[in-house]
Amino acid sequence: MSEFRVCPDSGFYFHKSAESLMKVNAVVGIVALLVAGILAIGVVLTRWQEVHLLPADMFYMVLTAHGINALLFWCIFFEMAILHFASSTLLRCRLATPRWGWAGFFLMLIGAIMNNVAVFSGKSSVMMTSYVPMQAEPHFYLGLILFAVGALIQVFVFFGTLVIAQQEKTYDGSVPLVTFGAITAAIIAVFTVASGAIILIPTFLWSVGYVSHIDAEMYRVIWWGMGHSSQQINVAAHVAVWYLIAGVLFGARPMSEKVSRFAFLLYIFFLQLASAHHILVDPGISAEWKIFNTSYAMYLAVLASMVHGLTVPGSIEVAQRAKGYTKGLFEWLRKAPWGNPIFSAMFISLVTFGFIGGITGVVMGTEQINLIIHNTIYVPAHFHATVVTGTTLTFMALTYLLIPVLFRRKMFLPWVAKMQPYVFGGGMTILILFMLGAGTLGVSRRHWDMDFAGAAMAFEYPAIAYTLMAVGAIGGLLAIVGGAMYLIVAVGSLLFGGKLEPSAGILESFAGKPLHASVYNINKPARLEMAPPLPEDHNKGGGFEAPGTFALAILLLVTFVVYYFINWKYLSSVWPLG
Amino acid sequence: MTSFMPPADRHWWKVPVGKQELIWIAIALVWCIIMFLMMPLWHVYGKQNLSTEAYQTTPAKFGAKVEEMVEKYTVGEEAGIPIVAPPVGSDIYMLGRLWQWYPVLKLKKDQEYRLHLSSMDFQHGFSLQPDNINLQVVPGYDMVLKITPDKSGEYGVICNEYCGIGHHLMVGKIYVED
Ligand code: HEM
Ligand SMILES: [Cu+2]
Ligand SMILES: [Cu+2]
């Protein structure tokens, strides 16, 4: 039976079952982003003290739901679509056990809904971290457990597809780099779900009364084994997508397969271990462990990110130079397609992830410096730079890439899409930078009232802290507008975008449609060949292939070094402790 | 040509790496090592380090110790909470509970104290402002730190770990006198 189609514009093959799963995962992910985005309005307008929109109980409920829907449901559903794309589509292979794929998807969906029901009932406003002994309703935890199990099943379908691809020899040589990155994300996902199970299952049992006590510190240690590694799924996935976009838009070839793959391997080996940066100011954790954990483990992962930070733009530069954009250091960048939202979103993501997310993360993950940052609004500022301008913006870029390829639709309102990465990335960057500032002044995260109204004793933040939060909130509103623009383009394209021929139709890949009317007319795709051979002189000559990128990398390093030592200086001004 | 095709060379791990990448990896590695060394160096030369002294405890046990200190050294009262001026160098206590920091401490500048922190219920965040020292306060654990307030004045202790609807009401005080 013919079950494959080929996209005439991109040359990508889609297997029917894989295509359906990609679509449903991506669409549900986008719905979660919509929910999170609406909730973000409540969050920013409450943290803008002059507006102070929501009452306290609503604020904490909304913040809990914002964090969970954005960080867990949006990112992970979308990542499932990426996994199926990186296996079935890139390797031109049929999806392994589609039924299990669907089972995994539905479990995730049921879990996500169950968790949202618990949160919106108002009795589970425990934040996404749900630190014990504060207790949520049992179905809060159960929802998360079902979601995690579903994700694990889809990850195994991904592994199964890889095995089939290898056995049926659907490709020549080794798996492509993008698939390698996806494998990295999937392996980390297995670790993540394991930690999650170890801590969430007992917590669920505790919430229904079968377990009498859960140690609060143990909970934190294991919970972050999940919480931290789940962020590395995001990083591995979005870095893989950066490489994909560089390849699709520029025909860019990795500068060195060896280096990029080795960097992904470092993620697998070291990111799990690095979770102690969340417990640096907790009682009783030894200094040796913290140093080992944040340096040996974390810095090798940081090293990996610094490598990708060079090789992703570097590969684009090499490709652009080959096309003749060779003037000066930066002609390749100036002449890049800044009006194409796929590129602009991806590049803004790369820069903000590295310069803001990366640097702030390493600084606050330093054993002693964490003292002056822990639990301030600096922390959400940092991770909005990693997971919003980093991961989310990259996934938006991928959506623009997939609308014609996967959904066979023309982009709806392309001029909106063209501006979207700038509005979203720009607004978010403002929010991030100003919250970083407010955090440095000690403004607390997850806090309803900067005025402490009604408290028995008074404390006042400096006036400038209010200004920083207000400007940040305006940036946040701009980002919400940018998020809405994305949703309009994405959903609009599916509903109203012009059909591309041959059209698969949005629902065509799903069962029940008569096959004869379909475009699934390929029985077995042609084998995926290896990339064309490298030029004779590849990496044998002396010069720099990508000098502009190297200059940018040095700029990153200088910023990093300066900001790092500024923070030590700041630390040295607080009360001596030991 | 691209990242989404199998590598051009079947033996891709044997393909030489470009000079530029090697230099960058070397620079990045050196920087990672410097960052690593900063942490142990700060333990030796820096003044702000977290002790690892901590004990398992219970709310009842910890509460009893706090009360003992309060009974001995209370010098006043603010908003219904005792102000306590314990002797220099002694063990001093502050507990977090829904929703207050208890008691208020009055300390001497440039003198060292052993501060014990714990929670009676949920997790709380000890956030000393405006100095901006932030610690996680976990029920069941008595965290001990040697502190040396080096500036006189009035400090706020706010809670920066979400602890329920009254989270923003948790404001405590530490006074430091010359
Ligand atoms: C669209 C615009 C967005 C805005 C304006 C926004 C704003 C905010 C703000 C101001 C906070 C901190 C509130 C506080 O701690 O008091 C927050 C928390 C958070 N946000 Fe966002 N956000 C946005 C999108 C996202 C996205 C796309 C993600 C994830 C992919 C995300 C993930 C989170 C998480 C995980 C938290 C922490 C919740 C907690 O403390 O438990 N946000 N957001
Ligand atoms: Cu982490
Ligand atoms: Cu609190």
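Colleague: By class, how many nonpolar, polar and charged residues does the shell around ligand 1 have?

Modeller: The shell is made up of 21 nonpolar, six polar and three charged residues, where Ala, Val, Leu, Ile, Met, Phe, Trp, Tyr, Cys and Pro count as nonpolar, Asp, Glu, Lys and Arg as charged, and the others, Gly among them, as polar. This is a predicted model, in which local features need pLDDT of at least 70, side-chain atom pairs count only at pLDDT 80 or more and totals for chains, interfaces and linings use all residues, while side-chain values use heavy atoms, without hydrogens and water. Residues are numbered from 1 along each chain as its sequence is written, with chains lettered from A and ligands numbered from 1 in the order in which they are written.

Colleague: Which residues come nearest to ligand 1?

Modeller: A residue is near a molecule if one of its heavy atoms lies within 4 Å of it, and of the 30 residues around ligand 1, A:Arg47, A:His66, A:His384, A:Arg445 and A:Arg446 come nearest.

Colleague: Why does ligand 1 lie between domain 1 and domain 3 of chain A?

Modeller: Domain bounds come from an automatic or database domain assignment, and because domain 1 (7-175) and domain 3 (375-523) of chain A both give residues to the shell, ligand 1 lies between them. Among helices (DSSP runs of H or I, at least four residues), α2(A) gives the most to this shell, with eight residues.

Colleague: Which residues coordinate the copper ion (ligand 2)?

Modeller: Donors are N, O and S atoms within 2.8 Å of the metal (3.2 Å for Na, K and Ca), and sites may look incomplete because water is not among the atoms. Here A:His228 (ND1), A:His277 (NE2) and A:His278 (NE2) coordinate the copper ion at 1.9 to 2.2 Å. A:His228 lies in helix α6 (residues 216-250) of chain A and A:His278 in the loop between α7 (257-270) and α8 (287-322) of chain A, so the pair ties together parts 50 residues apart in sequence.

Colleague: Which residues of chain B does a cis peptide bond join?

Modeller: Most peptide bonds are trans. In chain B, a cis peptide bond joins B:Leu98 and B:Trp99, with omega about -15 degrees, and another joins B:Tyr102 and B:Pro103, with omega about -10 degrees.

How values were computed: Helices (H or I, at least four residues) and strands (E, at least two) are DSSP runs, numbered from the N terminus.
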